[in-house]
Amino acid sequence: MRSVYLLAMAFVVLAVAGPWLAPHDPAQINIPHRLSPPSAEWVLGTDALGRDILSRLLHGARWSLGLAFVISVIGLCIGTLAGLVAALGGKLADWLVMRTTDTFLAFPDLIAAVVIAGVLGAGTTSLIFALTVTGWMRYARVARGIGLSLQSQGYVVQARLAGLSPFAIAWWHYLPSLLPSLAVVWTGMFARAILGISALGFLGFGVQPPMPEWGTMLLDARIHMRSTPLQMIWPGMAVVICVLAINLTGDALRDSLAEQERRS
Amino acid sequence: MTIHATGLSVVRSGHTILHPTDVEIRPGTRVGLVGASGSGKSTLGHALIDILRAQGQSVSHVPQSPDEALDPLRSMAFHWREAERALNMAPNPARQETLFTALRIEGGDVRKRPWGWSRGMQQRFVIAMALIGTPDLLVMDEPTSALDPVVAADTMDLLDTYLADRATALLLVTHDLGLAARRVTRLMVMEAGQVVEDAPTTQLLSAPETVAARSLCAHRNWLELPC
Amino acid sequence: MIRFLASLTFRAAVVLSGAALATFALLWHAPGDPALAIAMARYDALATTDVIAIVRAEAGLDVGFWPAFLAWVGPLLVGDFGQSSVTGHDVLPEVMTALSYTMPLALAGLLIGLAISLPLAIIATRRPRGWLDRFAVAIASIGAAIPAYWLGLLLILLFAVHLGWLPAMGARTSAHIVLPALTLGLGVAASLTRILRSGILEARDQPFLPAFTRRGVAAGGIERDHVAPHAAIPVITVFGLELAFLLEGAVMVEVIFARPGLGSFLVNAIEARDFPKVQAVVVLAAILFVTVNLLIDLLYRTLDPRIGERDA
Amino acid sequence: MLNVDGISVRGGTRLRLQDVSFTLARGQTLAVVGESGAGKSTLIDAILGLVPCHSGHVTWDAAPVRDCRPALVMQEPRSAFNPRMSLRRSVMEPLVAKRITPDQQHLDQLCHGLEIPPDLLDRRPSEVSIGQAQRVGILRALIAAPPLVLFDEPLSALDAVTQKHSARLIAQMQRAQGFAALIVTHDLGYAAAFADHIAVLRAGRVEELSTAPAFVDAPASAYGRRLRDAAFALGALEHVA
């Protein structure tokens with residue numbers, strides 16, 4: 001369990017410190033050495049323009065992980081707010097918010113993201129917009145569900161009877177119950193955002209070259225699949241390992257949460 | 001057939017929650033197993049069922065609440081047929097009707113699933129199902145606590161009438177000595193995983209010997225509490 | 001029940017209207033002048049200011065947002081999805097052709113996913129936390145982390161490039177569906193395994209099961225008659241999510257394998273800025289998705305009557 | 001004095017409470033008995049203002065009942081406490097809400113009366129027994145000295161001996177503090193032994209309202225008689241020979 005959290009921490013460090021760890025300039029074009037196999041100089045080889053793949057991967061971590069973090073946190077804020085408004089704002093607010101949520105859930109999210117990012121034109125802003133718009137609903141549902149169940153929970157009723165202010169009730173009783181579950185959802189959405197960013201990058205609707213984003217790198221590598229297949233392996237591996245680490249962190253978090261629930 | 005089980009004991013994660021115990025129950029008798037919560041009475045009840053079943057004796061169990069006895073996705077008829085099959089018995093509508101009439105659930109629609117019946121009727125159905133094979137022993141776990149008093153009293157009366165001239169013995173597991181005293185002729189008092197006292201009801205009520213039994217007796221009746 | 005059906009249908013209608021509005025609003029506010037795009041596509045260098053103005057009027061783009069929305073949504077209700085802004089052909093037949101390629105792919109993916117995950121979950125849950133269970137969970141976790149497009153590329157590399165067993169690109173023969181369907185199916189298997197596994201474990205943990213054992217019901221009977229139906233319920237509820245997964249997986253897979261279908265159709269339409277086509281795909285996906293979820297709600301209610309009881 | 005004046009409460013399409021009226025003075029105890037679904041819990045919710053009454057009103061000394069800050073003791077003792085907080089913090093909540101600094105002497109006195117060992121309050125709800133949790137629940141209800149305390153099946157989660165112990169503690173606290181107590185219970189034995197009056201609720205209506213001894217002797221309604229006979233049959237009451 002501990003090792004999972006350590007692994008996740010390692011990725012955070014990598015995403016933040018990646019650019020300083022990179023041995024080469026990720027944008028340095030070096031035509032004579034294009035498509036080199038892995039060597040002491042180029043640990044993972046070079047791409048079609050002779051750029052160092054390891055350096056590009058390390059710089060790319062900032063794009064893939066950093067953007068995914070931003071997207072999942074914006075979604076967390078919007079979704080939690082919507083869910084709490086639905087749970088606590090009365091019947092009409094609940095109906096409006098939940099039908100809006102259903103509307104956004106009516107599209108398979110990656111398809112919606114592709115359409116939004118594609119229609120608004122490739123670029124980082126439309127990428128963030130596309131993945132945020134399609135990624136807040138799960139938080140809303142979870143927050144609403146917990147909010148509703150807390151409303152009839154004994155200690156919340158007691159707090160209301162005692163005359164505690166709504167703000168104090170939200171702070172002392174709602175937030176501590178919501179946060180762990182939202183954290184679990186967040187890990188899932190973080191992973192989903194990484195997958196979404198690279199998928200859009202791969203389709204050409206995401207982060208634009210020459211930025212070293214993993215999905216975009218994969219798109220470049222695909223052309224030379226037959227001659228240098230390794231070049232295609234690395235960015236994919238980076239995505240898989242990151243997503244796996246985040247998902248495992250989420251699983252560990254959920255398990256320890258269930259354990260806590262069982263004990264109380 | 002006389003119920004006879006020796007050396008019942010349960011150890012769970014290093015803690016002895018039931019010390020070695022022998023139980024003997026004669027046919028047709030009614031025995032109460034009483035004790036405070038955590039005294040190990042339910043554990044003894046379950047251990048008794050498991051060991052008797054392993055010995056090939058027929059014994060059946062009625063859990064505290066129908067929720068612990070019925071699958072909400074399956075019809076009452078399904079439960080009934082399944083219970084018959086478990087006893088290797090052919091379907092017998094006459095037997096079903098006798099038991100349904102005895103417990104006054106003959107009006108219930110067996111095609112419905114449990115939630116289509118009231119809780120009181122569900123509980124009586126579970127009791128009827130437990131009586132299909134005319135078992136040597138019927139173990140009931142807190143049979144009244146999940147029901148409303150009027151329904152619970154009716155159910156106990158119907159069961160009393162049905163068992164009156166039959167060889168099936170009854171073991172009533174409860175924390176409530178007041179209830180047990182009304183329903184059984186012999187009482188076993190449990191404390192800390194041990195049967196500390198075992199005596200006819202009248203004798204135990206008039207002259208309890210152990211601390212546990214004395215405490216139960218003193219708190220038996222709401223209107224005669226010691227001050 | 002009828003009231004429930006009515007409220008469910010009403011809800012679906014509200015959601016679909018919202019979806020149509022959201023789609024239209026997105027495309028309406030998209031950067032660039034759609035009339036210019038149409039004029040460029042049709043008349044290329046001849047697209048003067050006058051031509052653009054005529055095109056704008058013809059396409060009904062010179063009115064405001066709401067009239068334009070109503071002009072689009074009205075025919076939609078009777079199944080008219082409009083004409084391609086580039087070719088001028090009706091959109092619906094083209095979408096249907098694309099769908100006729102995507103549906104078999106999605107179905108094959110689903111079947112492969114079930115064929116892998118069902119036995120895996122059943123074997124794994126025989127002994128929870130045993131090595132087989134851990135193995136299944138590990139496989140499922142890794143599977144869930146692999147993006148479909150990368151898996152597709154790996155499969156092409158292995159089976160088409162190195163081994164030369166299977167064709168990779170296009171959809172000429174029936175053998176062409178194997179690799180795309182496998183790509184999709186492996187992803188589905190990963191998520192279904194997790195869901196099935198936790199469903200079975202939860203179903204085994206129900207409070208009434210010990211009573212059945214004490215009643216003398218055989219272990220096999222309990223598994224078949226009481227565990228399996230309860231385990232099926234959560235699986236059915238996530239089927240809507242699986243459908244989404246299948247559709248978006250199909251989009252990616254079609255692009256990688258250069259297969260005709262909804263995915264390629266959509267990506268091409270976006271790149272050509274042929275918005276009526278984009279709208280048609282998105283709205284059809286929403287209709288499909290909402291309908292399936294509505295059916296799941298109904299099925300869920302008949303399977304688990306406790307839900308109905310709670311509503312009443 | 002609590003004055004419940006002809007209240008009706010709607011729940012879905014039917015009436016959960018129908019024209020319920022009674023009064024309850026300080027120091028007095030009213031037990032409300034009846035089967036599940038009779039509207040006992042709805043009555044508590046209505047008095048506390050947790051559900052709206054569609055007719056009638058509830059007052060305390062001619063003011064809205066909310067103003068007297070009534071307290072509630074719940075059926076599930078542990079659920080009344082936030083599992084993430086120490087019992088002490090939950091107990092102090094009514095004082096914190098009123099911005100009153102806790103009086104240690106008063107707290108010690110209450111703990112002593114309820115037989116709560118001093119260190120118990122520093123534990124989490126999951127670390128105490130059900131009986132202890134219920135006594136702390138009563139402590140929490142009494143800490144801000146409310147004039148009215150509602151008990152929703154306060155004993156049904158406890159075993160027979162603990163029930164009687166807790167019932168006696170509640171009665172002692174009532175004598176010392178002088179609050180009015182409304183006790184919802186399905187246990188007629190408890191009602192007969194500790195209440196001044198017994199109200200029988202059935203299908204949302206008050207079937208009868210009698211003094212406790214009169215009820216045990218001779219219930220006025222047919223349903224009241226069935227309830228009393230069931231209590232005899234289950235050993236909750238003894239026949240007075």
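Me: Which chains share the most contacts?
Reply: Chains A and C do, out of the 4 pairs of chains in contact. Please keep in mind that this is a predicted model.

Me: How do you know that chain A and chain B are not in contact?
Reply: Two residues are in contact if their C-beta atoms lie within 7 Å. No contact joins chain A and chain B, and their closest C-alpha atoms are 16 Å apart. Chain C and chain D do not touch either, with 9 Å between their nearest C-alpha atoms.

Me: What makes up the contact between chain B and chain D?
Reply: Chain B puts in 24 residues and chain D 23 residues. On the side of chain B that touches chain D, α5 (149–163), α6 (177–183) and α8 (211–218) of chain B each give two or more residues. The most come from α5(B), with 6 residues. By kind, that side of chain B divides into 13 nonpolar, 7 polar and 4 charged residues.

Me: Why are β4 and β5 of chain D called paired?
Reply: Pairing needs at least two bridges between the strands. Strand β4 (residues 55–60) of chain D is joined to β5(D) by 2 bridges, so the two count as paired, and they run antiparallel. Here D:Trp60 stands opposite D:Ala63 in β5(D).

Me: What makes β2 and β5 of chain D edge strands?
Reply: The open sheet has 4 strands in the order β2-β1-β4-β5 (chain D), with antiparallel pairing. In chain D, β2 (14–24) and β5 (63–64) each pair on one side only.

Methods: Residues numbered from 1 in each chain as written. Chains lettered and ligands numbered in written order. Predicted model: local features only at pLDDT ≥ 70, side-chain atom pairs only at ≥ 80, totals over all residues. Nonpolar A, V, L, I, M, F, W, Y, C, P; charged D, E, K, R; others polar.
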